[in-house]
Amino acid sequence: MQPVKPRLPGLVGMLLAALTASSALAQQTLTIAAFPAVDDIVRAAIPQWKRLHPNVEIKVVSRQFSDHHTAMTTALSTSFYLPDVMALEVGYVGRFAQGGGLDDLSRAPYNIGQFAPRYVPYAIAQATNRKGAVVAAPTDIGPGTLLYRIDILEKAGLTQADLTRSWDSFVDSGAKIKASTGSYLMAHARDMKDILIRTGIQPGEGLYFDDQSDVLVNTPRFVRAFELARKVRQLKLDAKVSAWSNEWSEGFKRGTISTQLTGAWLAGHLNNWLAPGTKGQWRAAQLPEGAYAAYGGTFFAIARGSPKEHKQLAWEFIQLMTLNRDVQINAFRTQDAFPALIETYDDPFFDQPIEFLGGQKARLGWREAARKITAVTVHKQDAFADEVINTELDKVLDRGKDIATALADAQRLLARRAHR
Amino acid sequence: MKLPEALRLSPEKAPYVFLSPFVLLFAVFGLFPLLFSLYLAFQTWEPTNGLGAMTYVGFENYRFALQDEWFWKSLKNTAWLAIASGVPQHVVAIPLAVFIHSSFKRLRNGVVGAYFMPYITSTVAIAILFSSLFSTDYGLINVGIQAMANVPGLGWLMPADPIDWLGDPGNIKPAIAMLVFWRFVGFNVVLYLAALQTIPKDIYEAATMDGAGRLQQFFFITLPSLKPMIFFGVTLSVIGGLQLFEEPFILTGGRGGSDQAGMTTAIYLYRMAFDFNDFGAASAMSWLLFIVVGVLTWLTNIAFRSPRSSV
């Protein structure tokens, strides 16, 4: 009996302490909604967050990519179950920026303007809508690159310069590759159209619409993209397979696809699961003809309707994720998430050779590209325009439709929607 | 053992209490969405702005839908698919039901079950199965066609190259129609079998006495007697065919296929709302589709109500 007596008050005290602690924690839980890879990056940053805010728990709600964005759309439209911070892919940032569902981070209490020079310029521009509101903070970006099989290129007696000098020389090289090795130049002619319509966009223009919602489809930019895509198809230089299909990954594994126009992150996917057996045979180059383009990117945003008492903490969390050098570099090292924070660009990790790319220091090239990419203004009918342009391209490629007619048809369809 | 007074239901209230689960569920999942879509059809709405962001636009959404090329294209696709998958269902199901009715005794339930199986199988499982069946290079359907091409005398009927079922706009619709036919033919067989059992045997006996052959019996006894069930089955096919969504949605990866060849109206209005962010126009289109379904059902009714019929 003796030992029990002194213990009892201690136990009660501990219980009380635990109770109060848990109720304090219950008041301070920050909910972060994210999708795969980003969720891991967030979880990896929790220890650092705990050092800043020991009393604030982080709860990560993770869903598959499209489920996540559908859930965020629904949450925004009903203002129910809004997380404190949401991760958004760049396409959705543009879409949501049209409405007023996300907080403008350029205003008080956020004032992202003071940090703006620290982000890659095009990424912050992507999150800025026409009224000048900054609806999200960039965390990772996808600088465009040309990945190619050096072994196939050498077999065809070509060099990297032959691929990148101009788009015409790129296609001509493709013909030589096909003739001497049998490999296709690219997965689908559409891939080249996608990059060509994104190059040479003038200030004030978007991809498909300009500032005044005038349709830009019937322009030399689109004519050239369609003509080159058609040439690729006529010379039988594309495998006619879509990205992320089984045939696509099989094409990489077997070496039937010799190049891919893509975001820098694809090198990581190729290494990890798409075609690990081709290690050392790939190289990265800048896009042909001095083109620079972005492929994807991730942002963090705060919904206008999310709990007011958490907004300050939510903003501090976003700052940790996007403005902390260690968090950004760690995400780059572990998840191939290319940093949006410029001050990380002097990190020694950029100078490290990439084994999958035969020891090439490819990150240096991607870093250069990241600085040169310009943002393209987003229009709310972009998703529909994508669909229309791809349909017309299919008609040109598969059924020999005249390019001028195809673009005029697309122009007419889009003009009807432009102002809706 | 009796319940205490407080827990007992009075006879006046009891019906309402027992009805309430259905009424409640129907109100939440049936009536509310219906009314909400009717309301939305007259609004323009940027959904990410929240529920307060709707503006009344009158009939603008209807005007847009009626002038939209893709809406008409989707209606044509839907009509094509409804006819190509609906008509064969009945043309095959009736003789098949008669055959099963007359030829199978002990095995009957097993045979009917086999035909009914696709109807109760999950659409996702079916879609995975058919996506691989329709695969251009390795799909069983193309392998089968290739094998038939090697049969002497049949070769000239078969295409030389493997058919790109789900990529070529010309082939998407037949592929979908085959799947829909396969899925629902068994359901119609069951309908007609049930109707066949209600035809009195003595009519056939009398016909045999009068010297009528099997074919004559089929056309002059079986078919007229099945008419009420044909009306029922065709009505279900008309409604189901016009609302066709799942099968083409999954076979075309949710996009409607190359050149939107497999994009039914139901898929288009889904995409209008969730891909193209235009809930107002999508709602207007859904009500236009409702009108089309209503009119065609009414026409079916008229077609089956001939003066001599008892329907």
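How many residue pairs are in polar contact across the interface of chain B and chain A? The points below take up this matter and then turn to chain A itself.

1. The structure is a predicted model. Across the interface of chain B and chain A, 16 residue pairs are found in polar contact, with both residues of each pair at pLDDT 80 or more. On the side of chain B that touches chain A, two or more residues come from each of α2 (60-66), α3 (69-103) and α11 (265-274) of chain B. The element giving the most to this side is α11(B), with four residues. Sorted by class, this side of chain B comprises 11 nonpolar, eight polar and nine charged residues.

2. As to the extent of the interface, 28 residues of chain B are in contact with 23 residues of chain A. The size of an interface is often given as the accessible area lost when the parts come together. Here chain B and chain A bury about 2,400 Å² between them, and carbon and sulfur atoms account for 42% of that area.

3. Side chains of opposite charge can pair when their charged atoms come close. Eight salt bridges are found across the interface of chain B and chain A. A salt bridge also joins Arg412(A) to Glu69(B), with 2.6 Å between the closest N and O atoms. Over all chains, a search of the whole structure gives 36 salt bridges.

4. Within chain A, Asp103(A) and Lys311(A) form a salt bridge through their side chains, at 2.7 Å from N to O. This pair links distant parts of the chain, the two residues being 208 residues apart. Asp103(A) lies in the loop between α4 (90-98) and α5 (121-126) of chain A, whereas Lys311(A) belongs to helix α13 (residues 311-323) of chain A.

5. The loop between α4 and α5 of chain A also holds Pro109(A). The peptide bond leading from Ala108(A) to Pro109(A) is cis, and its omega is near 5°.

6. Phi of Ala37(A) is near 80°, which is a positive value in a residue other than glycine.

7. Helices α11 (residues 246-254) and α12 (residues 266-274) of chain A pack with their axes 11 Å apart, at an angle of about 85°. Angles of 65 to 115 degrees count as roughly perpendicular, and α11(A) and α12(A) are therefore roughly perpendicular to each other. From α11(A), Trp248(A), Ser249(A), Phe252(A) and Lys253(A) meet Leu266(A), Leu270(A) and Leu274(A) of α12(A). The residues of this contact divide into five nonpolar, one polar and one charged.

Conventions: Residues are numbered from 1 along each chain as its sequence is written. Chains are lettered from A and ligands numbered from 1 in the order in which they are written. This is a predicted model: local features need pLDDT of at least 70, side-chain atom pairs count only at pLDDT 80 or more; totals for chains, interfaces and linings use all residues. Side-chain values use heavy atoms; hydrogens and water are left out. Axes are lines fitted to C-alpha atoms, for helices over the stretch in contact, and angles run from 0 to 180 degrees between N-to-C directions. Angles under 35 degrees count as roughly parallel, over 145 as roughly antiparallel, 65 to 115 as roughly perpendicular and the rest as oblique. Contact means heavy atoms within 4.5 Å. Ala, Val, Leu, Ile, Met, Phe, Trp, Tyr, Cys and Pro count as nonpolar, Asp, Glu, Lys and Arg as charged, and the others, Gly among them, as polar. Buried area is the accessible area (1.4 Å probe) that two parts lose on being put together, summed over both. A salt bridge is a side-chain nitrogen of Lys or Arg within 4 Å of a carboxyl oxygen of Asp or Glu. A polar contact is a pair of N or O atoms within 3.5 Å; within protein, one must be able to donate a hydrogen and the other to accept it, and residues adjacent in sequence count only if both atoms are side-chain atoms.
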